[in-house]
Amino acid sequence: MHHDSKLPHVGTTIFTVMSALAQKNNALNLSQGFPNFKSDQKLIDLVTNAMNSGYNQYAPMAGSLELRVAITNKFEKLYNASYHPDSEITVTAGATQAIFTIISTFIKPDDEVILFRPAYDCYEPAIELNGGKPISIQLKAPHYKVDWTEVSKKITSKTKMVIINTPQNPSGTVFSKEDMLKLQELLKGTNIILLSDEVYEHIIFDDHKHQSACLFTDLKSRSFIVASFGKTFHNTGWKLGYCCAPKELMAEFQKVHQFNVFCANHPMQKALADYLQEPNHYLELPNFYQRKRDLFLSLIEDSKFKFTPAQGTYFQILDYSNITTEHDVDFAKRLTNDHKIASIPLSVFNTDNLDEKVLRFCFAKTDDTLREAATILNRI
């Protein structure tokens, strides 16, 4: 039998490739974005308690009401923004499922979707599966700033959606208030939906402030905000996230969501509802991860790598142009094979695989792992 692929150009993801290579070579894996330390034992115990208390059957389709109320309270506390728990919040099987469902709900054949590169790799396949056309805007190293004049020129009558990611994976940069105001002005008066991927909202450093789409009135009225409990609470394998949107948009989302996964893991929802009652569980994250970023960078400051400190996320971009002219994919593989440290080459996220001689390293690791990684990098 022969069937034409709906994603003919998609192969094994770079994350799978580099993690497999790291395992084969017994290398430090700073490629995939997951912590190598435990979640809070209190949260793990809450899941166990929820299971023992009978939260083992389907949750409501939109998610546990108790958790949706906790999310509502979080948005009010952090952003003074209102999302009604009954009609404007859905708990999802991870942020990726939320993103896929949003795109599947609204993108039809020939719709155009603007996205910014380097872009996380789940956006484009979802657009193409639904017959849409990705319109890429390439951001340039090392600062990855948006040229809003270029964005304006890319908006057409076919533009159905714009996707932003702030703090941005893989670059570690954040959109400023000025960026968000310019985006709001460009979208005002249109029917364009904004998908705002904010999974690293609590992992932001120095004097930067997370500029959620919900802080801007017109953007909020057209936006899906996507978030991740897995990224926030060091348990990416739980695959639990959520999205928020105005009632009329969320109603359409839930039509697709109910036939996609219907509902997400119930005992974990109960646990997170209880855990979110203490806001410090997420308010302390910026200091926690900034200390790790600062430790990692201090340890490699005398290496041949160049860097601009990440503004957010738990990824750090390192420029290796002083070391070699190798293509970033080749250099990343050589580092894994020969030096026993795995990273992610950024060209795979860029337009036409643009190679700017930079690699992404995850610093959501124990201090011992970061010291070991620095020892390796300093020898290169």
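Colleague: Which residues are buried in H15?
Modeller: Please keep in mind that this is a predicted model. In H15, the buried residues are Asp367, Thr369, Leu370, Ala373, Ala374, Ile376 and Leu377.

Colleague: And what do the buried residues of H15 pack against?
Modeller: Three of the elements they meet are helices or strands with these numbers: helix H13 (285-299), helix H14 (328-339) and strand E9 (315-319) are among them. The list also includes strand E1 (28-29), strand E10 (341-342) and strand E12 (358-362).

Colleague: How far apart are the end C-alpha atoms of H15?
Modeller: They are 19 Å apart. Helix H15 covers residues 367-379, and at 1.5 Å a residue its 13 residues should span 18 Å, so the two values agree.

Colleague: You mentioned H13. Is Arg293 buried or exposed?
Modeller: Arg293, which lies in helix H13, is buried, because its relative accessible area is 3% and the cut-off for buried is under 20%.

Colleague: Which residues does Arg293 touch?
Modeller: Leaving aside residues up to four places away in sequence, Arg293 touches Phe205, Asp206, Pro309, Ala310, Gln316 and Phe363.

Colleague: A change of topic: at roughly what angle do H4 and H10 cross?
Modeller: The axes of helix H4 (residues 95-106) and helix H10 (residues 247-260) cross at roughly 110 degrees and come within 9 Å. The two helices are therefore roughly perpendicular to each other, and H4 passes H10 in a right-handed crossing.

Colleague: Which residues make that contact?
Modeller: From H4 there are Gln97, Ala98, Phe100, Thr101, Ile102, Thr105 and Phe106. H10 contributes Leu249, Glu252, Phe253, Val256, His257 and Asn260. By class, the contact of H4 with H10 has seven nonpolar, five polar and one charged residues.

Colleague: What about H2 and H11, at roughly what angle do they cross?
Modeller: Helix H2 (residues 41-52) and helix H11 (residues 266-275) have axes that cross at roughly 130 degrees and come within 8 Å. H2 and H11 are therefore oblique to each other. H2 passes H11 in a right-handed crossing.

Colleague: Which residues of H2 and H11 make the contact?
Modeller: On the H2 side they are Lys42, Leu43, Leu46, Val47, Ala50 and Met51. On the H11 side they are Pro267, Met268, Lys270, Ala271, Leu272, Asp274 and Tyr275.

Colleague: How many charged residues does the contact of H2 with H11 have?
Modeller: The contact of H2 with H11 has three charged residues, together with ten nonpolar and no polar ones.

Technical notes
Residues numbered from 1 in each chain as written. Predicted model: local features only at pLDDT ≥ 70, side-chain atom pairs only at ≥ 80, totals over all residues. Heavy atoms only, no water. Axes fitted to C-alpha atoms, helices over the stretch in contact; angles between N-to-C directions. Helix = DSSP H or I, 4+ residues; strand = E, 2+ residues; numbered from the N terminus. Parallel < 35°, antiparallel > 145°, perpendicular 65-115°, else oblique. Left-handed = near helix turned anticlockwise from the far one by under 90°. Contact = heavy atoms within 4.5 Å. Nonpolar A, V, L, I, M, F, W, Y, C, P; charged D, E, K, R; others polar. Expected span 1.5 Å × (residues − 1). Buried < 20%, exposed > 50% of the residue type's maximum accessible area, 1.4 Å probe, protein only.
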